[in-house]
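Here are my notebook entries from an afternoon with this model.

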Amino acid sequence: MHLGQQNPVVDGLSLKELGDSVLVEIELRRKGLPFLKHVEYRIVSKCFQIPVQRRYSDFEVFHGLLLQKFIYRMVPPLPPKRILKGVLNSMSDREFNDSRRRGLQRFMTLVIRHPVLAGDELVNIFLSASSAEVQNMLRDAYKKTGDEFLTSQMALHGKVYLPEDIHTQAAANREVIANIHSSFNKLRDVAERMAQRSRENSTDLLMFGKDLSELGSDTSDLPVNATMSKAWKTQRKSLVEMSGEFGLLADKAAHQGSREEDEVVEKLNLLLEQLQSYKDLCDRHDSGVLLEHQRALEKHSGPVATHLKYQNSIEQHESRLSQQENTIITTEMRSYFSLLCLHQETQLVFTYLPLVTSILGTFVNSQIQGHKEMGNVWGDLHPKLKDLFESASEASIRSSSQTHTSRGQKTCAVIGPA
């Protein structure tokens with residue numbers, strides 16, 4: 001589906017219509033010597049049933065060409081490339097690869113759900129071509145078409161579709177979206193801290209259970225005359241059994257952390273990268289992308305003499321003026337086309353915003369489920385503790401009774417019969 005099928009300023013798309021889903025998986029490949037290995041990513045989408053393998057360099061070429069072709073559109077960012085392995089980043093290789101995989105999946109999800117990008121030949125090639133040829137095929141496809149302005153049916157009529165107060169609307173929308181972006185950043189940071197606390201809680205519970213097990217496994221002999229020694233021996237055996245329950249609690253807490261990361265933090269990151277790509281688009285629009293196009297067009301038209309005395313005829317002078325007029329007209333059309341695309345991309349951002357309700361619902365459900373699972377394990381642990389206390393109490397009473405009886409017998413032996 002494409003923006004602007006009827007009225008390009010009012011897209012009318014719903015979130016459900018934005019499309020396909022894509023899965024990015026990690027495959028560790030070895031090439032040449034055993035210690036020379038690289039990571040490949042297996043991409044599966046609903047449109048293309050056959051999976052393809054891609055390296056990070058393939059994503060870089062794909063991303064760069066998307067930016068060149070769709071300079072007036074939101075092109076999502078790629079996850080960063082680590083520069084100094086193991087020096088500037090304390091993450092392990094496994095953590096880094098998983099973080100990058102998540103980032104690539106967000107990138108592909110936003111691309112394949114974009115109403116304009118999704119239908120482009122570059123996306124088709126990236127999701128279907130063989131690994132060996134994909135980069136060359138992508139470059140060749142771009143060379144044949146150039147950027148979106150050269151092929152869009154709306155390029156010549158951008159001004160017609162725009163409201164008179166487009167600049168005022170654009171400024172107001174940009175401010176609103178910037179505030180939303182800031183708020184989402186704060187929400188994501190809180191959700192990340194909650195997921196981290198769940199993982200830390202898992203580690204603490206696991207250590208607590210381990211310490212209980214070590215305490216209960218202590219086979220040191222107790223003094224024979226130690227009061228409560230039998231009670232302690234009974235408790236000590238039970239501690240080993242109870243340590244397993246804390247291992248189960250640790251698993252539940254770890255699962256809760258993963259659930260919060262996958263279902264809440266990731267969805268917020270997806271929205272944030274959408275908003276970041278919108279900010280990048282606005283920056284490109286403001287920082288002279290039109291000027292760059294103008295320079296490219298002037299260069300394409302060839303050098304023009306600066307003094308009339310070097311011109312040999314009136315025809316040459318008229319040709320130069322015609323070229324300049326064409327350049328000005330093209331630049332003006334690009335300006336309006338850029339504004340039209342920016343207006344459409346703004347609508348697309350607002351189309352994504354209802355995801356907040358879904359994320360909030362997922363967050364609430366994950367908390368309910370996590371607390372319920374943890375509560376069930378704590379509930380199962382409570383009667384075991386009760387039995388342990390009762391057993392310890394009985395052992396304590398028996399030990400105390402035996403001690404008093406022994407002392408009484410010794411006392412009688414000293415006093416003797418009356």
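**Entry 1: a ring in the core**

I began with Phe 62, which is buried at a relative accessible area of 0%; buried is under 20% relative accessible area, exposed over 50% and partly exposed in between, with a 1.4 Å probe and protein chains only. Before going on, I noted that this is a predicted model, in which local features need pLDDT of at least 70 and side-chain atom pairs pLDDT 80 or more, while totals for chains, interfaces and linings use all residues. Residues are numbered from 1 along each chain as its sequence is written, and side-chain values use heavy atoms, with hydrogens and water left out.

**Entry 2: overall layout**

I counted 10 helices and 3 strands in the protein; these are DSSP runs numbered from the N terminus, with helices (H or I) of at least four residues and strands (E) of at least two. Along the sequence I read the pattern β-β-β-α-α-α-α-α-α-α-α-α-α. Of the 418 residues, 39% count as buried.

**Entry 3: aromatic pairs**

How many aromatic pairs does the count come to? I got 9 aromatic pairs, taking rings of Phe, Tyr and Trp (its six-membered ring) whose centres lie within 6.5 Å; planes under 30 degrees apart are stacked, over 60 edge-to-face and the rest tilted.

One of them joins Phe 59 and Phe 126 edge-to-face, at 5.1 Å centre to centre and 65° between the planes. Phe 59 belongs to helix H1 (residues 56–69) and Phe 126 to helix H3 (residues 121–126), so this pair ties together parts 67 residues apart in sequence. Phe 59 is buried at 0% relative accessible area, and I found 0% for buried Phe 126 too.

I then returned to Phe 62, which pairs edge-to-face with Phe 107 at 6.0 Å centre to centre, with 80° between the planes. Phe 62 is in helix H1 and Phe 107 in helix H2, so the pair ties together parts 45 residues apart in sequence. Phe 107 is buried, with a relative accessible area of 0%. Together, Tyr 41, Phe 59, Phe 62, Phe 107 and Phe 126 make one aromatic cluster.

I also looked for charges over rings, meaning NZ of Lys or CZ of Arg within 6 Å of the ring centre and within 35 degrees of the ring normal. Arg 54 has its charged end over the ring of Phe 126, 5.3 Å from the centre. The charged end of Arg 100 sits over the ring of Tyr 56, 4.0 Å from its centre.

**Entry 4: helix H2**

I checked the length of H2 (residues 93–112) next. Its 20 residues should span 28 Å at 1.5 Å a residue, and the end C-alpha atoms are 28 Å apart, which agrees; the expected span is 1.5 Å times one less than the number of residues. H2 is mostly covered, with 14 of its 20 residues buried.

**Entry 5: salt bridges**

I searched the whole structure and found 18 salt bridges, each a side-chain nitrogen of Lys or Arg within 4 Å of a carboxyl oxygen of Asp or Glu.

Glu 148 bridges to Arg 73, with the closest N and O atoms 2.9 Å apart. Glu 148 is in the loop between helix H4 (134–145) and helix H5 (158–161) and Arg 73 in the loop between H1 and H2, so the pair ties together parts 75 residues apart in sequence. Glu 148 counts as buried at 7% relative accessibility, and Arg 73 counts as buried at 1%.

Glu 266 forms a salt bridge with Arg 102, at 3.7 Å between the closest N and O atoms. Helix H7 (residues 229–286) holds Glu 266 and helix H2 holds Arg 102, so parts 164 residues apart in sequence are tied together. Both Glu 266 and Arg 102 are buried. They also sit in a network of salt bridges linking Asp 98, Arg 101, Arg 102, Arg 106, Asp 262, Glu 266 and Glu 273.

**Entry 6: helix H10**

Which residue of helix H7 meets Glu 373 of helix H10? I found Arg 259 in a salt bridge with Glu 373 (3.6 Å, N to O). Arg 259 lies in H7 and Glu 373 in H10, so the pair ties together parts 114 residues apart in sequence.
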